[in-house]
Amino acid sequence: GHGRPDEACGEFNAGSVGGTVSGSEIRQNQASGICLQAQPEREGVDHGDVWTGIEANVIWGNGEHGVHLYGDDPVHPRIENNLVYGNAGAGIQSDAKHAETELFVVNNTVHENGGDGIVFNRSALLAHLTNNIVADNGGHGLVCGTAEHPLASHNDVWSNAAGDYSVCAAADTDISADPFLLDPAAGDFHLAFGSPCIDAGTSIGAPATDIEGIARPQGGGVDIGAHEHGYWRIYLPVTLRE
């Protein structure tokens, strides 16, 4: 869908805000594709707590970030199985507080955004960053604005223009290799045969299905990225980049 270009990030001022945004194509908004914001406590008002899930969406071509989290109160959606690509800003940017709440960013493909891939500008101490492809973005792949790093595991962070990591450090289980996406220019982010992301993820915290509802795993292990490679499909090989 297309959002109104003059609308800013919505504010959640009181109580707990949940639910799920799923199975949607969110594209070509003037501002960010999805923006979640929680305001701090005001007189006579409880703290906000925004945990709206962002699952299995295609978020592309927006004028700012693909997903933007913001606020002094907890903003901790589960962000999983999304394709986030071609946005003018960062793919996923968090300017929210996570010091006391867990944030899960799992099995997303964050590709060729104009800014950084995934950004934590405030505490990332309890942010779980698992099984994501973060590749070909115009800035850094993974950025930490503080010395507190996310709990990273089994990501493929590769070929980001300004470098793959800024302040954040690669996890021992992260890889940096061409993910061999089938045809990103045509919006096809399936893994081609020979992709190093096939069976290279972890089942710990991974969703039971992929962005298309295909069960994980299909092979010997969970794949990295939004798509689980279906061995029953025929995917032509991609041309290897030098």
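Me: What makes up the secondary structure of the protein chain?

Reply: The protein chain has 23 strands and zero helices. Both are DSSP runs numbered from the N terminus, with helices being H or I of at least four residues and strands E of at least two. This is a predicted model, where local features need pLDDT of at least 70, side-chain atom pairs count only at pLDDT 80 or more, and totals for chains, interfaces and linings use all residues. Residues are numbered from 1 along each chain as its sequence is written, and side-chain values use heavy atoms, leaving out hydrogens and water.

Me: Why is Gly194 called exposed?

Reply: Its relative accessibility is 56%, and exposed means over 50%, with buried under 20% and partly exposed in between (1.4 Å probe, protein chains only). Gly194 therefore counts as exposed. You will find Gly194 in the segment after strand S23 (188-191).

Me: Why does Cys197 count as buried?

Reply: Cys197 has a relative accessible area of 0%, so it is buried. In the protein chain, buried residues make up 51% of the 242 residues.

Me: How do you know that Cys144 and Cys168 form a disulfide?

Reply: Their sulfur atoms are 1.8 Å apart, and a disulfide is a pair of cysteine sulfur atoms within 2.5 Å. The pair therefore meets the definition. The structure holds one disulfide. Cys144 sits in strand S18 (residues 140-144), while Cys168 is in the loop between strand S21 (163-166) and strand S22 (181-183), so the pair, 24 residues apart, links distant parts of the chain.

Me: What makes this disulfide right-handed?

Reply: The torsion about the S-S bond is about 85 degrees, so the disulfide is right-handed. Cys144 is buried at 3%, and Cys168 is buried at 6%.

Me: What makes a set of residues a nonpolar core?

Reply: The set consists of buried Ala, Val, Leu, Ile, Met, Phe, Trp, Tyr and Cys residues joined through side-chain atoms within 4.5 Å. Here the largest such core has 30 residues, and Leu69 and Ile118 have the most contacts inside it. Strand S5 (34-38) gives the most to this core, with three residues. Apart from it lies another core of 13 residues, among them Tyr85, Leu191, Cys197 and Ala226.

Me: Which residues does Ile118 touch?

Reply: Contact means heavy atoms within 4.5 Å. Leaving aside residues up to four places away in sequence, Ile118 touches Ile92, Val105, Val110, Leu129, Val134, Gly141, Leu142 and Val143.
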